[in-house]
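Let's take a friendly walk through this protein and its ligand.

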Amino acid sequence: MAEINGWEYIALKSAGSTNEEAQKYCALQNRKTVVRADVQTAGRGRRGRNWISEYGNLFCSLVFEFDLKYFGYLVMISALSLAQAVESFSKQIKPQLKWPNDVLLNGKKLSGILLEKGEGDYIIVGIGVNIASAPEKEKLLYQATSLSEHGIDCTAEEFLSVYLQMFDQNLSLFDKQKNKQRIEWLKRAYGIGRQIKVCCNSREEKGIFIGIDDDMTLLLQQGEKIKKILAGDVFFENGEINEGI
Ligand code: BTN
């Protein structure tokens, strides 16, 4: 079987969704596996949305055993590793992280992550990165960008290889560097100090986005009190990058 940076590597010409394909590799083997497809015909985004999956971009899913009680930590390092992978290609580019795990370049969405539970103790981290092109604005709820628009020339596989290095490095620091990693996440955070609205199911919370705690809970300042938000859709006042999360 092929390998990429210590991960079992399944490279497909096409898949419905690599997250769906990845389900097959839960519990079948005890090695960590990454499934990548050149295109997806039914790419999935968060909250039941679809993920437009154009040829030349990265669509992959990492499958490995993971203790779900640290889910928030995984959300944090999955996105942080993506930002660090982008930074390794160019010193000029400053990726930003939109809570909980989108990567933005100049306020436009570069990538999204869909974490799903696999069978048993397996977790699936599905990653989509616009490498060669960004889907047209008309097809999206938000503005998107690509690495190629920012002068980064690499293939989906090259980017994946760097991402896996960053991800493994971050995961190996689990427990030792948790707070440092949170600080790294916060350094790149999009919208800190700004008024936001978070829609959590049927509820709506407004306040100032002041940070995250170490399980990725969003911290919202509401007057004197700080409200912790586990999950929801973040909206900014002027309509920018207002996709739900
Ligand atoms: C989001 O909505 O921001 C998350 C998008 C996640 C897309 C990736 S592409 C690879 C993997 N397979 C899927 O069907 N979805 C994820």
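In sorting residues by class, Ala, Val, Leu, Ile, Met, Phe, Trp, Tyr, Cys and Pro count as nonpolar, Asp, Glu, Lys and Arg as charged, and the others, Gly among them, as polar. By that scheme, the shell around the ligand holds six nonpolar, 10 polar and five charged residues. Please keep in mind that this is a predicted model.

**Around the ligand**

The ligand is surrounded by 21 residues, and the closest of them are S17, Q40, R44, R46 and K109.

| Residue | Protein side of the pair | Distance to a ligand oxygen atom |
|---|---|---|
| S17 | side-chain N or O atom | 2.7 Å |
| R46 | backbone N or O atom | 2.8 Å |
| K109 | polar side-chain atom | 2.7 Å |

On its own, the ligand would expose 410 Å², and the protein buries 99% of that area. Which elements give two or more residues to the shell? They are α1 (18-22), β4 (58-65), β7 (108-117) and β8 (122-129). Of these, β7 gives the most, with four residues.

The largest nonpolar core has 59 residues, and the members that touch the most others are L62, F159 and W185. Helix α2 (residues 71-89) supplies the largest share of this core, 11 residues.

What does L62 contact, once its neighbours within four places in sequence are set aside? Its partners are W7, T33, V34, I123, I124, V125, I127, Y163, L164 and F167. Another core, of eight residues, lies apart from the largest one, and its members include A22, Y25, V63 and I124.

Is D38 buried or exposed? D38, which sits in strand β3 (residues 33-40), has a relative accessible area of 17% and therefore counts as buried, because the cut-off for buried is under 20%. Not counting residues up to four places away in sequence, D38 touches L12, K13, E54, Y55, G56, N57 and F59.

K24 belongs to the loop between α1 and β3. Its relative accessibility is 48%, so K24 is classed as partly exposed. The side chain of K24 is joined to that of E21 by a polar contact of 2.9 Å.

Key:
Residues numbered from 1 in each chain as written. Predicted model: local features only at pLDDT ≥ 70, side-chain atom pairs only at ≥ 80, totals over all residues. Heavy atoms only, no water. Near = heavy atom within 4 Å. Polar contact = N/O pair within 3.5 Å; in protein donor to acceptor, adjacent residues only side chain to side chain. Areas by Shrake-Rupley, 256 points an atom, 1.4 Å probe, with all protein chains shown as cover. Core = buried A, V, L, I, M, F, W, Y, C linked by side-chain atoms within 4.5 Å. Buried < 20%, exposed > 50% of the residue type's maximum accessible area, 1.4 Å probe, protein only. Contact = heavy atoms within 4.5 Å.
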